[in-house]
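Hi everyone, thanks for coming. I'd like to walk you through one structure today, so please have a look at the screen.

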Amino acid sequence: MSFRDRLDAFCATLPGAQWADPADGQLASWKVGGKMFACTGTTTPGVSVKTADAATAQMLIDAGVAEKAPYFHASWVRLPESVPEDELRHRLTSSYDLILRGLPKKTQAELSKREAV
């Protein structure tokens, strides 16, 4: 199974997560409540995800787990396709949760509670 297949299969399990491809194959993303929590492109392999803050992103970069996500805020990182499966799932879930918590309470209430992954 390819990295992209694994990414899409996992993201599809998150309540309210929707796949979007606004750039006709050039920039695919996963969103919750209309807000992006994961993004892939065609020029750089891997996936960009949100972290709690710029310091967390820098810690992941310094540890060699991730790299700076081009064109994104400093709180986003790019995970390479070689990232271990458990780390990929953890970072996707964390990014999803951060975006979910930032949504209006009404939108949050409409989404099902995520089961522990």
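Let me begin with a question: which backbone oxygen lies 2.5 Å from a polar atom of the side chain of Ser95? The oxygen belongs to Phe37. That is a polar contact, meaning a pair of N or O atoms within 3.5 Å; within protein, one must be able to donate a hydrogen and the other to accept it, and residues adjacent in sequence count only if both atoms are side-chain atoms.

A word on where this comes from. This is a predicted model, in which local features need pLDDT of at least 70 and side-chain atom pairs count only at pLDDT 80 or more, while totals for chains, interfaces and linings use all residues. Residues are numbered from 1 along each chain as its sequence is written, and side-chain values use heavy atoms, with hydrogens and water left out.

Back to Ser95, which sits in helix 3. Helices here are DSSP runs of H or I with at least four residues, strands are runs of E with at least two, and both are numbered from the N terminus. Ser95 has a relative accessible area of 0%, so it is buried; buried means under 20%, exposed over 50%, and partly exposed in between, with a 1.4 Å probe and protein chains only. Leaving aside residues up to four places away in sequence, Ser95 touches Phe37, Val49 and Lys50, where contact means heavy atoms within 4.5 Å.

Phe37 turns up again among the aromatics. The whole structure holds two aromatic pairs. Rings of Phe, Tyr and Trp (its six-membered ring) pair if their centres lie within 6.5 Å; planes under 30 degrees apart count as stacked, over 60 as edge-to-face and the rest as tilted. Phe37 and Tyr96 have ring centres 5.4 Å apart and planes at 85°, so they are edge-to-face. Because Phe37 lies in strand 3 and Tyr96 in helix 3, this pair ties together parts 59 residues apart in sequence. Phe37 is buried at 0% relative accessible area, and Tyr96 is buried at 0% too.

The other pair is Phe72 and Trp76, with centres 4.8 Å apart and planes at 25°, so this one is stacked. Phe72 is partly exposed at 23%, whereas Trp76 is buried at 9%.

Helix 3 covers residues 85-101 and also holds Glu87. Glu87 touches Leu60 and Val65, again not counting residues up to four places away in sequence. The C-alpha atoms of Glu87 and Leu60 are 11 Å apart, and 27 residues separate the two along the chain.

Now for helix 2, residues 54-62. At its start, a side-chain oxygen of Asp53 comes to within 3.2 Å of the backbone nitrogen of Ala55. Just after helix 2, Gly64 has a positive phi of about 80°.

Last stop: the largest pocket, with about 200 Å³ of space. A pocket, on a 1 Å grid over the protein atoms alone, is an open set of points with protein on both sides within 12 Å along at least five of seven lines, and lining residues have an atom within 4 Å of a point. Its lining has 13 residues, with Gly41, Thr43, Pro70, Tyr71 and Arg78 nearest the centre. Strand 3 gives the most to that lining, three residues. Thanks, and I'm happy to chat!

Definitions and conventions: 1 Å grid on protein atoms, 1.4 Å probe; cavity = no way out; pocket = protein on both sides within 12 Å on 5 of 7 lines; lining within 4 Å. Points joined across faces, edges and corners; volume = space filled by probe spheres on them.
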